[in-house]
There are 2 protein chains.
Amino acid sequence: MHVLVIGAAGMIGRKLVERIAAEEGALGGGLDRLTLVDIVEPPMPSALAAVASSEALDLSQPGSAEKLASARPDIIFHLAAIVSGEAEADFEKGYRVNLDGTRALFEAIRLEGRKEPYRPRVVFASSIAVFGAPFPEKIGDEFFSTPLTSYGTQKAISELLLADYSRRGFFDGIGLRLPTICIRPGKPNKAASGFFSNILREPLVGEEAVLPVEEDVRHWFASPRAAVGFFIHAARLDLEQVGPRRNLTMPGLSATVGEQIEALRRVAGEKAVRLIRREPDATIRRIVLGWPTDFDARRAEKLGFSAEKSFDDIIRIHIEDELGGTIAHGG
Amino acid sequence: MHVLVIGAAGMIGRKLVERIAAEEGALGGGLDRLTLVDIVEPPMPSALAAVASSEALDLSQPGSAEKLASARPDIIFHLAAIVSGEAEADFEKGYRVNLDGTRALFEAIRLEGRKEPYRPRVVFASSIAVFGAPFPEKIGDEFFSTPLTSYGTQKAISELLLADYSRRGFFDGIGLRLPTICIRPGKPNKAASGFFSNILREPLVGEEAVLPVEEDVRHWFASPRAAVGFFIHAARLDLEQVGPRRNLTMPGLSATVGEQIEALRRVAGEKAVRLIRREPDATIRRIVLGWPTDFDARRAEKLGFSAEKSFDDIIRIHIEDELGGTIAHGG
């Protein structure tokens, strides 16, 4: 089995590759070849040195997609994207990478299949950014996509293309609308959503973190481990049972900032909670209030996708996967 | 005011131009210039000879969209499209015309606005083909787009682009999801939906027509006159009150074939009804059963869009607009 990961240098991409490397048969068959690409050269998993190759490649440049498709991978994970803030700031770059890059990949697969029959599994990373406020209390599986960002628009268009190319039999695609990933490892960043992770990750290692919104702000979350699980499950799923509606809102956990903090208190103690500094930021509050707060992701759950049921679990997973199972400043 | 009609040779395009020609100030201002384009040269309305020009032009060819935008029309009606059957039969042509042509237009407007501020009104002809079965009994304004044709996919993607370009301020766009137009003037054609018009239009002039489905088949209709009214209303509407959700399901009439026939009987008599010949066609029945049957088009109605409330009216409008107000074989 030849597996291609596009966007393999990103946070989820790296973790997905680590999981494939760590778990033989994770994708339901032997791994003969693993191709990793991203805009920067992705790290190579040492356990897979015999079968893996890694390359810096811009999917939106002429010839890139054709090159990838000509190797005829059996499973293609497509996670490459310009993030929301950058796609909003640079209109042309966002459309070039997030829309044209994705369409180039889909077209290259279609045209490869005209040479000789070819129908790979394509697992596409979409986003809850395809939805735009106002929302019902819980967003159901049949709620419409009216994105309020160019990023969300590009993801929604890619979903439509994926469904049509799948319907026409050019490939067997599935799109996964990821919740906000929490706890994101790494350093605090300036994404408007960054604080959801910062206020947990930093206190867990004894560092201060800034909370720019009130505790009643509610949002939709899953751990990085759950996100990797979505991709693995989607790669193995029988898509006959999914039918023509190929884009699915992934399960997640709806929680308020207050509930995040309570979980931190339970898992890491009062000392950790005291490291959260409140600095209200009206701009961030305004942005965040336009985001989805809760979903009824019934279809994906029925199809066997699963995420955490409590923020205690999300925090424990971070401690296991990022902190070697222990925390420095327990209370 | 400079008005551009793309797709001016089509059935609705021609009627829209006729209405603009017939009704001074129809678009809320004096008409200084009217540009008509289509893949074939559109007919020129004689009443507007002083201000109108007409040209054959393929929007999907390099330079076409730039040429149109460089004339900086104030209102752009975009009705050009490859129809559903052809877009399904010729995948590449459908995407080239219906998606790339539309995107080229939007891009040309955006880039024209970088030379000097420019923000035209863009009224886009979308379709209920953006929806795919299974449906709720009535499709509400927040139901999701999961098209089951490439045509519907191309329209749904164009809707997303229109909303994003409007949100970014590149133009002031509105998309209209048209019901099936009935009674289509002209000769019977092979479109799967053709019989909905054929069974009324042909008997009204004493000709036989074939009914390939049962009388309980239900669908969603508006007259050509109502469709033209949607475009005129959309060109004048204050889009501030529409907000960022710029694509609207237009009002229509949900009716069964049996109700169509009853209306024909009331308006044109039993003799006309007797000209309908039943020839069940399993293929057409299967296609039609995948189509929407009813909508709750509340948003568009609140915004002042309106369509017929009875099939008697739809038939009378055809008699007025196409048959000079009289029917040959009343009875």
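The expected span of a helix is 1.5 Å times one less than its number of residues, a helix being a DSSP run of H or I with at least four residues, numbered from the N terminus. The model examined here is predicted, and local features need pLDDT of at least 70. Residues are numbered from 1 along each chain as its sequence is written.

**Exercise 1.** Determine what end-to-end distance helix α5 of chain B should have, and compare it with the model.

*Solution.* Step 1: α5(B) covers residues 150–167, which are 18 residues, so at 1.5 Å a residue it should span 26 Å. Step 2: the C-alpha atoms at its ends lie 26 Å apart, in agreement with that expectation. Step 3: after α5(B) comes Gly169(B), with a positive phi near 85°.

**Exercise 2.** State how many residues of α5(B) are buried.

*Solution.* Buried means under 20% relative accessible area (1.4 Å probe, protein chains only). The count is 17 of 18, so α5(B) is largely enclosed by the rest of the structure.

**Exercise 3.** Describe the largest cavity by volume and lining.

*Solution.* Step 1: a cavity is a set of points on a 1 Å grid over the protein atoms alone where a 1.4 Å probe fits but cannot get out; lining residues have an atom within 4 Å of a point. Step 2: the largest cavity has a volume of about 480 Å³, the volume being the space filled by probe spheres set on the points. Step 3: 32 residues line this cavity, and those nearest its centre are Phe144(A), Ser145(A), Leu160(A), Ser145(B) and Leu160(B). Step 4: α5 of chain A and α5 of chain B are the elements giving two or more residues to this lining.

Key
Chains lettered and ligands numbered in written order. Predicted model: local features only at pLDDT ≥ 70, side-chain atom pairs only at ≥ 80, totals over all residues. Heavy atoms only, no water. Buried < 20%, exposed > 50% of the residue type's maximum accessible area, 1.4 Å probe, protein only. 1 Å grid on protein atoms, 1.4 Å probe; cavity = no way out; pocket = protein on both sides within 12 Å on 5 of 7 lines; lining within 4 Å.
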